[in-house]
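Visitor: I would like to learn how to read a protein model feature by feature. Please take me through one.

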Amino acid sequence: MTAQRILCVTLNPALDLTGTLEQLSRGSVNLVDYASLHAAGKGVNVAKVLAELGANVSVSGFLGLDNASAFEELFKQLEVEDHFIRVPGATRTNVKLVEASQQVTDVNFPGMPIDAQALQALEAKLLSLVDTHPWVVMAGSLPPGVSPAQFGQLVSKLKQAGAKVLVDSSREALTEALQAGPYMVKPNQEELEQWCGQPLENIAAIQAQGERLAALGIAHVVISRGEQGVLWLHQGNWYQAQPPLMQVVSTVGAGDTFVAGFCWGLSQGHVEAEQLRFATALSALAVSQVGVGVPPQHKLQATLDNTTFSKLSKTEG
């Protein structure tokens with residue numbers, strides 16, 4: 001099947017400065033064993049994985065003029081089309097500290113302020129791309145100057161223009177996007193609990209909230225639960241995938257990798273079991289490596305072979 005073009009949008013990208021160390025000690029000097037700096041952001045990570053899977057990918061969002069080169073080099077390497085809007089200033093740098101215990105401490109900065117003119121330019125750019133990009137992934141946080149309501153309006157306009165919009169965001173941005181009825185959403189359990197305002201202590205409780213999301217007109221409701229696997233609601237049917245237990249190195253980018261794998265399956269027309277098992281296995285492997293990217297085929301196949309798939313009733317848990 002010919003790969004359909006996919007547009008990955010990152011409104012608030014970042015240069016990720018990742019350091020590994022034995023143990024983080026607050027309030028004192030910490031020595032990092034290994035460090036890396038690379039272009040990232042949730043939508044950028046999704047684009048990277050999709051490109052490595054063989055998708056025809058374009059990227060957009062906002063980039064600071066002062067340090068766009070790292071992103072431009074990545075896009076050239078991946079052979080993806082760059083439709084980012086350049087704005088004055090520097091794209092933020094986020095710090096991720098990974099301890100030997102696999103605990104990750106994120107220090108995320110707010111990003112560049114975006115004015116109304118830049119937001120209008122981005123909206124015009126995205127709407128101009130919908131005809132040739134039937135799939136649009138909107139992933140990540142919002143920069144200063146872009147409100148959750150504006151984010152929701154953007155999702156709504158892209159949907160009205162004919163795009164199948166996949167959203168992976170959180171907090172108020174996620175809440176506003178949900179009201180627009182995107183094609184797919186992927187909250188993790190914590191984000192779903194924040195949205196509904198209560199702890200979800202079993203699968204039945206999670207399903208009840210998932211069905212509330214589907215009632216908003218969302219075709220694919222996917223709820224990730226870390227090592228407990230993934231739940232997926234589509235056309236009234238619940239599915240579950242459970243990956244094998246992995247040796248966790250870093251959870252950075254695991255959710256983005258899942259979104260990429262799931263989007264790939266949708267765009268290729270995979271059957272339910274194939275689609276969910278593939279995305280789940282791909283995401284599980286992501287926690288066993290440093291950095292975002294598709295693992296070697298033999299590792300992916302071995303993990304896929306040990307990822308289970310089942311159809312659930314509405315009364316599971």
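Visitor: Which residues does Thr18 touch, not counting residues up to four places away in sequence?

Guide: Thr18 touches Tyr34, Ala35, Ser36, His38, Lys96 and Val98; contact means heavy atoms within 4.5 Å. Before going on, note that this is a predicted model, in which local features need pLDDT of at least 70 and side-chain atom pairs count only at pLDDT 80 or more, while totals for chains, interfaces and linings use all residues. Residues are numbered from 1 along each chain as its sequence is written, and side-chain values use heavy atoms, with hydrogens and water left out.

Visitor: Where is Thr18 found, and is Thr18 buried or exposed?

Guide: Thr18 is part of strand S2. Helices (H or I, at least four residues) and strands (E, at least two) are DSSP runs, numbered from the N terminus. Thr18 counts as buried because its relative accessibility is 9%. Buried means under 20% relative accessible area, exposed over 50%, and partly exposed in between, with a 1.4 Å probe and protein chains only. Six of the eight residues of S2 (residues 14-21) are buried, so the strand is largely enclosed by the rest of the structure.

Visitor: How do strands of a sheet pair, and which strand runs antiparallel to S2?

Guide: Strands of a sheet pair through backbone hydrogen bonds, either parallel or antiparallel. Here two strands count as paired if DSSP finds at least two bridges between them. S2 runs antiparallel to strand S3 (residues 34-40), with seven bridges joining them; Leu15 has Ala39 in S3 as its bridge partner. With strand S7 (residues 93-99), S2 pairs in the parallel sense, over seven bridges. In S7, Asn94 is the bridge partner of Asp16, and Val98 is that of Thr20.

Visitor: What is the strand order of the open sheet?

Guide: The order is S3-S2-S7-S8, four strands with mixed pairing. S3 and strand S8 (104-107) are the edge strands, each pairing on one side only. From one strand to the next the twist averages 20 degrees. Helix H2 (residues 69-78) packs on the sheet and touches S2 and S3, and its direction makes about 75 degrees with that of S3. Such axes are lines fitted to C-alpha atoms, for helices over the stretch in contact, and the angles run from 0 to 180 degrees between N-to-C directions.

Visitor: Why do residues three or four places apart in an α-helix point the same way?

Guide: An α-helix has 3.6 residues a turn, so residues at that spacing point the same way. Take helix H6 (residues 189-196), whose buried residues are Gln189, Glu191, Leu192, Trp195 and Cys196. Down the axis of H6 these buried residues fall within an arc of 160 degrees, so they line one face of the helix. The arc is that of the directions from the helix axis to the C-beta atoms. The buried residues of H6 pack against H5, H7 and strand S12 (220-224).

Visitor: What is found at the start of H6, and what follows H6?

Guide: At the start of H6, a side-chain oxygen of Asn188 reaches to within 3.2 Å of the backbone nitrogen of Glu190. H6 is followed by Gly197, with a positive phi near 75 degrees.

Visitor: Which residues other than glycine have a positive phi, and where do they lie?

Guide: Most residues other than glycine have a negative phi. Arg171 has a positive value, near 55 degrees, and lies in helix H5 (residues 171-179). Gln235 is another case, with a phi of about 50 degrees, in the loop between strand S13 (230-234) and strand S14 (237-242). Arg171 counts as exposed because its relative accessibility is 55%, and Gln235 counts as exposed because its value is 66%.

Visitor: With which side chain does the side chain of Asp168 make a polar contact?

Guide: The partner is the side chain of Lys42, at 3.3 Å. A polar contact is a pair of N or O atoms within 3.5 Å; within protein, one must be able to donate a hydrogen and the other to accept it, and residues adjacent in sequence count only if both atoms are side-chain atoms. Asp168 is in strand S10 (residues 164-168) and counts as buried because its relative accessibility is 4%.
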